[in-house]
Amino acid sequence: KQADAARVRYLIVEEARRLINASALDFRLLVRAALATGCRFGELSALTVADFNPDSGTLHIRTSKSGKGRHVVLTEEGIEFFRAQCAGRAGTDRMLPKADGGRWLKSHQTRPMADACAGARINPPANFHCLRHTYASLTIMAGAPLMVVARNLGHVDPRMVEKHYGH
């Protein structure tokens with residue numbers, strides 16, 4: 001079957017760095033958050049400041065694709081990123097707003113991602129979901145346990161992670 005031969009595209013560290021640098025300022029925050037968490041675009045756009053817990057170093061995803069919530073365990077770098085996003089802000093504030101203060105909608109990701117890929121010379125261009133794969137691949141290559149990565153991505157066990165990120 002085609003699905004069994006899953007080959008997942010991910011960015012290498014240098015491409016991810018170029019993508020961050022080539023992103024518009026407000027979109028850059030979403031890109032960095034995706035690379036730090038593996039969260040989906042909709043999960044990130046729904047975050048409020050109160051969803052970050054600096055004491056436990058976690059990010060609360062209230063509703064995911066499965067309909068269930070989860071807590072994403074952050075690296076030190078991730079904790080520092082989210083701490084900076086939340087500093088001095090009310091818990092009800094949107095954590096990663098658009099430049100105009102509004103919420104990112106699903107249709108708002110395509111153009112900024114394409115522009116950032118063009119500016120970063122990433123060819124073929126990546127879509128936003130590729131950042132989820134990049135997080136998983138780079139985190140596993142850095143030695144994180146498969147179960148931790150699986151739970152952070154919202155999977156109940158590591159089978160999907162092993163299947164897609166066996167490289």
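# Exercises on a predicted model

Asp51 lies in the loop that joins helix H3 (41-45) to strand S1 (52-53); helices (H or I, at least four residues) and strands (E, at least two) are DSSP runs, numbered from the N terminus. The structure is a predicted model, in which local features need pLDDT of at least 70, side-chain atom pairs count only at pLDDT 80 or more, and totals for chains, interfaces and linings use all residues. Residues are numbered from 1 along each chain as its sequence is written, and side-chain values use heavy atoms, with hydrogens and water left out.

**Exercise 1.** Determine whether Asp51 is buried or exposed, and identify its contacts.

*Solution.*
1. Buried means under 20% relative accessible area, exposed over 50%, and partly exposed in between (1.4 Å probe, protein chains only).
2. Asp51 has a relative accessible area of 6%, so Asp51 is buried.
3. Contact means heavy atoms within 4.5 Å. Leaving aside residues up to four places away in sequence, Asp51 touches Ala46, Thr58, Leu59, His60 and Arg62.
4. With Arg62, the side chain of Asp51 makes a polar contact, side chain to side chain, at 2.7 Å. A polar contact is a pair of N or O atoms within 3.5 Å; within protein, one must be able to donate a hydrogen and the other to accept it, and residues adjacent in sequence count only if both atoms are side-chain atoms.

**Exercise 2.** State the order of the strands in the sheet and which are the edge strands.

*Solution.*
1. Two strands pair if DSSP finds at least two bridges between them.
2. Three strands form an open sheet, ordered S1-S2-S3, with antiparallel pairing.
3. S1 and strand S3 (70-73) are the edge strands, since each pairs on one side only.
4. Strand S2 (residues 58-61) pairs with S3 over four bridges in the antiparallel sense. His60 stands opposite His71 in S3.

**Exercise 3.** Describe the largest pocket by its volume and the classes of its lining residues.

*Solution.*
1. On a 1 Å grid over the protein atoms alone, a pocket is an open set of points with protein on both sides within 12 Å along at least five of seven lines; lining residues have an atom within 4 Å of a point.
2. The volume of the largest pocket is about 540 Å³.
3. Among its 21 lining residues, Leu35, Ala36, Thr75, Glu77 and Tyr135 are the closest to the centre of the largest pocket.
4. The lining of the largest pocket has 13 nonpolar, five polar and three charged residues. Ala, Val, Leu, Ile, Met, Phe, Trp, Tyr, Cys and Pro count as nonpolar, Asp, Glu, Lys and Arg as charged, and the others, Gly among them, as polar.

Conventions. 1 Å grid on protein atoms, 1.4 Å probe; cavity = no way out; pocket = protein on both sides within 12 Å on 5 of 7 lines; lining within 4 Å. Points joined across faces, edges and corners; volume = space filled by probe spheres on them.
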